[in-house]
Amino acid sequence: AIPTEYKLSSAYPNPFNPSTNIDFSIVEEGDVSIAVYDLQGRLVTQLVNNFKTVGDYSIVWNAVNMPSGVYFIQMHINGFASTEKVMLMK
């Protein structure tokens, strides 16, 4: 099935330790950026930064070396932006 809207789904599990799954959907091909930021707005890691075709995708963020806390996962593609809040609890 072809997605009908851009979507950054809620990460699961959330809260998580040490990894969480992130699903996203793309309705038009383009350069996708999915990055994780801390509460101070600092880039923690870049999960995706490349060209993707139309479809549904799933990635895993393994935060085994990160401290407990709240993080923001942000997706950008073709003018679309979405942010999800996740909590790492060790």
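1. Helices (H or I, at least four residues) and strands (E, at least two) are DSSP runs, numbered from the N terminus. V86 lies in strand 7, and S82 is placed in strand 7 as well.

2. The structure is a predicted model, in which local features need pLDDT of at least 70 and side-chain atom pairs count only at pLDDT 80 or more, while totals for chains, interfaces and linings use all residues. Residues are numbered from 1 along each chain as its sequence is written, and side-chain values use heavy atoms, with hydrogens and water left out.

3. An open sheet is formed by four strands in the order 4-3-6-7, with antiparallel pairing; two strands pair if DSSP finds at least two bridges between them. Strand 4 (43-52) and strand 7 (80-88) are the edge strands, each pairing on one side only. From one strand to the next, the twist averages 15°, where axes are lines fitted to C-alpha atoms, for helices over the stretch in contact, and angles run from 0 to 180 degrees between N-to-C directions.

4. Strand 3 (residues 30-37) and strand 4 run antiparallel and are joined by eight bridges. Within strand 4, T45 is the residue that stands opposite V36. In general, strands of a sheet pair through backbone hydrogen bonds, either parallel or antiparallel.

5. Which residues does I73 touch, not counting residues up to four places away in sequence? They are L8, A11, I22, I34, A35, V36, S82, T83, E84 and V86, contact meaning heavy atoms within 4.5 Å.

6. S82 has a relative accessible area of 16% and is therefore buried; buried means under 20% relative accessible area, exposed over 50%, and partly exposed in between (1.4 Å probe, protein chains only). Leaving aside neighbours within four places in sequence, S82 is in contact with L8, I73, Q74 and M75.

7. V86 is buried because its relative accessible area is 1%. Not counting residues up to four places away in sequence, V86 touches A11, N14, F16, W61, G69, V70, Y71 and I73. The C-alpha atoms of V86 and M66 are separated by 13 Å, and these residues are 20 residues apart along the chain.
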